Amino acid sequence: DSQTDQIIALINLSNLILQRNRPKADYAEAISYAQAAVSKARTLRMQTELGKALGQLSICCGHAKQYEAALQYAIQAKDIDEHQYLTGERKEMVRYVRIADAHRKLCHADSAIFYARKNLHHPTLSIRMNAVQMLYMVYRDLVGDYKESTRYMHQFQMMKDTLAQTLQSEQLLRREMTDDKAQALATQ
């Protein structure tokens with residue numbers, strides 16, 4: 001649907017500008033595109049897109065050091081995502097790392113730990129890795145617990161190695177399939 005495409009385009013544009021302007025620390029344009037996406041999604045009552053737009057706005061505000069606003073938008077996005085997951089409108093489990101990061105930046109260690117731990121058993125390895133990395137940073141920077149931060153750092157390294165091995169295996173499998181296909185075509 002074209003309305004959905006317009007909202008996603010605004011979110012993508014916001015993200016692109018956010019990445020491009022990161023060295024300059026100028027996030028106003030990225031924030032304005034994310035706000036436009038939020039406004040359009042709210043007006044059209046498109047909850048899935050609203051959750052995505054609010055998430056992007058939260059990320060932009062976090063980079064702009066507007067931590068209170070980042071937390072508010074992250075909470076709104078989380079609430080929409082949770083509701084959609086519980087009602088079956090969303091298939092993927094909710095990602096809580098965005099809200100954990102907002103709490104970390106506001107020095108809310110307990111809340112950051114609570115939300116990061118909610119993604120420790122997510123089916124997607126990269127999301128679990130984000131949660132473990134968040135716990136490492138919170139225990140290192142906010143709690144000052146060397147033992148826990150080291151434990152999460154080691155866990156993150158093991159997950160990173162597992163991901164690298166998985167990617168390497170997938171590349172090898174793809175290469176073998178391509179070679180087999182080329183060989184089959186050559187023998188015909």
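A crossing of two helices is left-handed if the near helix is turned anticlockwise from the far one by less than a right angle, and right-handed if clockwise. The legends below use this term.

This is a predicted model, in which local features need pLDDT of at least 70 and side-chain atom pairs count only at pLDDT 80 or more, while totals for chains, interfaces and linings use all residues. Residues are numbered from 1 along each chain as its sequence is written, and side-chain values use heavy atoms, with hydrogens and water left out.

**View 1**
Helices (H or I, at least four residues) and strands (E, at least two) are DSSP runs, numbered from the N terminus. The order of elements from the N terminus is α-α-α-α-α-α-α-α. Along its principal axes, the C-alpha trace spans about 65 × 50 × 40 Å. Of the 188 residues, 38% count as buried; buried means under 20% relative accessible area, exposed over 50%, and partly exposed in between (1.4 Å probe, protein chains only). A contact means heavy atoms within 4.5 Å. Among contacts with a separation of 6 or more, 53% come from residues 24 or more positions apart.

**View 1. Helix α7 packs against helix α8.**
Two packed helices are described by the angle between their axes and the distance between the axes. Axes are lines fitted to C-alpha atoms, for helices over the stretch in contact, and angles run from 0 to 180 degrees between N-to-C directions. Helix α7 covers residues 125-143 and helix α8 residues 146-187; their angle is about 155 degrees and their axes are 8 Å apart. The two are therefore roughly antiparallel. Angles under 35 degrees count as roughly parallel, over 145 as roughly antiparallel, 65 to 115 as roughly perpendicular and the rest as oblique. The crossing of α7 and α8 is left-handed. On the α7 side the contact includes Leu125, Met129, Val132 and Tyr136, and on the α8 side Tyr152, Phe156, Met159 and Leu163 are among the residues taking part. By class, this contact has eleven nonpolar, four polar and four charged residues. Ala, Val, Leu, Ile, Met, Phe, Trp, Tyr, Cys and Pro count as nonpolar, Asp, Glu, Lys and Arg as charged, and the others, Gly among them, as polar.

**View 2. Helix α3 packs against helix α4.**
The angle between α3 and α4 is about 155 degrees, and their axes are 8 Å apart. That makes α3 roughly antiparallel to α4. Their crossing is left-handed. Residues of α3 in the contact include Gln47, Gly51, Leu54, Ser58 and Gly62, and those of α4 include Tyr67, Ala70, Tyr73, Ala77 and Asp81. Eleven nonpolar, eight polar and one charged residues make up the contact of α3 with α4.

**View 3. Helix α4 runs over residues 67-86.**
With 20 residues, α4 reaches 28 Å from its first C-alpha to its last, close to the 28 Å expected at 1.5 Å a residue. The expected span is 1.5 Å times one less than the number of residues. Its buried residues are Ala70, Leu71, Ala74, Ala77, Lys78, Ile80, Asp81 and Gln84. They pack against α3 (47-63), α5 and α6 (109-117). Just after α4, Gly88 has a positive phi of about 85 degrees.

**View 4. Helix α5 is largely enclosed by the rest of the structure.**
Seven of the nine residues of α5 are buried, so the helix is largely enclosed. The buried ones are Val97, Ile99, Ala100, Asp101, Ala102, His103 and Arg104. These residues pack against α4, α6 and α7. His103 is found in α5, which covers residues 97-105, and its relative accessibility is 7%. Not counting residues up to four places away in sequence, His103 touches Leu71, His108, Ser111, Ala112 and Tyr115.

Most residues other than glycine have a negative phi. Lys65 lies in the loop between α3 and α4 and counts as exposed, at 61% relative accessibility. Cys107 is in the loop between α5 and α6, just after α5. With a relative accessible area of 55%, Cys107 is exposed.
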